Amino acid sequence: MTPKKTFAILMTMYFVSANLDAQTADGRHPLLENRFILSAGAFLQDKTLKINVNGEEIIADRVIDFGERWNFDASDTNVAAEFKWRFGEKWSLGAQYFDSSDSGRSTLDEDIEWKDYILKAGSNVGAGVDVTVARLFFGRTFSASVNHEFGAGLGLHWMEMGAFIDGELFLNDESTGIRRESVSAAAPLPNLGAWYHYAFSSKWLASVRLDWLDVSFDEYSGNLINGSASINYMPWDHFGVTLAYQYFGIDVDVDSNNWKGGADFSYRGPFISVTATW
């Protein structure tokens, strides 16, 4: 889901609901009035993992598609969780977490550059990628009624990224033996975000959310997009289920002592969770 599409959905729902401000017949949906909301479940990810570690400049033909090269499972399931705390009349604090880890082995069909080393075609090479994302979001509600809510705010994504390759490495055409070389980076990435909720009744509620960043920050430069569209069903006052489609994508250049290069990661797919509110 692109940011333009997500933004269009959000604004369409907002303007439509502005004319539908009457109270729903069944009362107010719990997610619009309770102070605490917790969702935990499975994130069924479809992933793209591309990495570059070849010096100070990003060179397109040196980017390694880890998922394709090492036959990582493009569709994977990981635990994910979200939490929201409403404090005061208009303010809220939210949190989100998920992680992903992949590894595999493959026989190379062409030479690969990694830092200052070469892995030769025909060699058997292992590789892996780890990504952890934790998000905090401080929001303010700007428009609300018995059946809708629109808000925006500032967030902070904490990103931890790591990758490794192991095999016989060559430096200046001389073998350095079997060894493992890795890179890693961690950074707090600030972002702007907005959300919209619309309740069709006291049991059904639709939501959209978009977080966005396009900025140079310390050793990092690039863009980040985190968006979702969801539907929630609350058969009971404090418990229900949520089905969401989530997208998280980051395209970043890194210039640090441990990693000079960049990464292009994306995770997308359904998030199925149990939701509790009180």
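1. Contact is taken here to mean heavy atoms within 4.5 Å. On that basis, and leaving aside neighbours within four places in sequence, Thr242 is in contact with Ser39, Ser230, Ile231, Asn232, Phe271, Ile272, Ser273 and Thr275. The model is a predicted one, in which local features need pLDDT of at least 70 and side-chain atom pairs count only at pLDDT 80 or more, while totals for chains, interfaces and linings use all residues. Residues are numbered from 1 along each chain as its sequence is written, and side-chain values use heavy atoms, with hydrogens and water left out.

2. The secondary structure of the chain comprises two helices and 13 strands; helices (H or I, at least four residues) and strands (E, at least two) are DSSP runs, numbered from the N terminus. The chain has 278 residues, of which 46% count as buried. Buried denotes under 20% relative accessible area, exposed over 50%, and partly exposed the range in between, with a 1.4 Å probe and protein chains only. Among contacts in the chain with a separation of 6 or more, 69% are between residues 24 or more positions apart.

3. Thr242 belongs to strand β12 and is buried, its relative accessible area being 13%. Its side chain forms a polar contact of 2.9 Å with the side chain of Asn232. A polar contact is a pair of N or O atoms within 3.5 Å; within protein, one must be able to donate a hydrogen and the other to accept it, and residues adjacent in sequence count only if both atoms are side-chain atoms.

4. Gln45 lies in strand β1 (residues 36–52). Gln45 is buried, with a relative accessible area of 1%, and a polar contact of 3.4 Å joins its side chain to that of Ser100.

5. The largest nonpolar core holds 42 residues, and Phe66, Trp70, Trp114 and Phe265 touch the most other members. Such a core is a set of buried Ala, Val, Leu, Ile, Met, Phe, Trp, Tyr and Cys residues joined through side-chain atoms within 4.5 Å.

6. Four cavities of 30 Å³ or more are found in a search of the whole structure. On a 1 Å grid over the protein atoms alone, a cavity is a set of points where a 1.4 Å probe fits but cannot get out, and a pocket is an open set with protein on both sides within 12 Å along at least five of seven lines; lining residues have an atom within 4 Å of a point. The largest cavity contains about 540 Å³ of space. Its lining has 29 residues, with Ile37, Glu82, Lys84, His197 and Arg209 nearest its centre.

7. The second largest cavity contains about 60 Å³ of space. Residues lining the second largest cavity include Leu189, Phe217, Tyr220, Asn223 and Asp251. Two or more lining residues come from each of β10 (204–217), β11 (220–233) and β12 (239–255), and β11 gives the most, with four residues.

8. The largest pocket has a volume of about 180 Å³, where a volume is the space filled by probe spheres set on the grid points, which are joined across faces, edges and corners. It is lined by 13 residues, and Leu32, Arg86, Glu89, Thr141 and Glu149 are the closest to its centre. Elements giving two or more residues to the lining of this pocket are β4 (91–107) and β7 (124–144).
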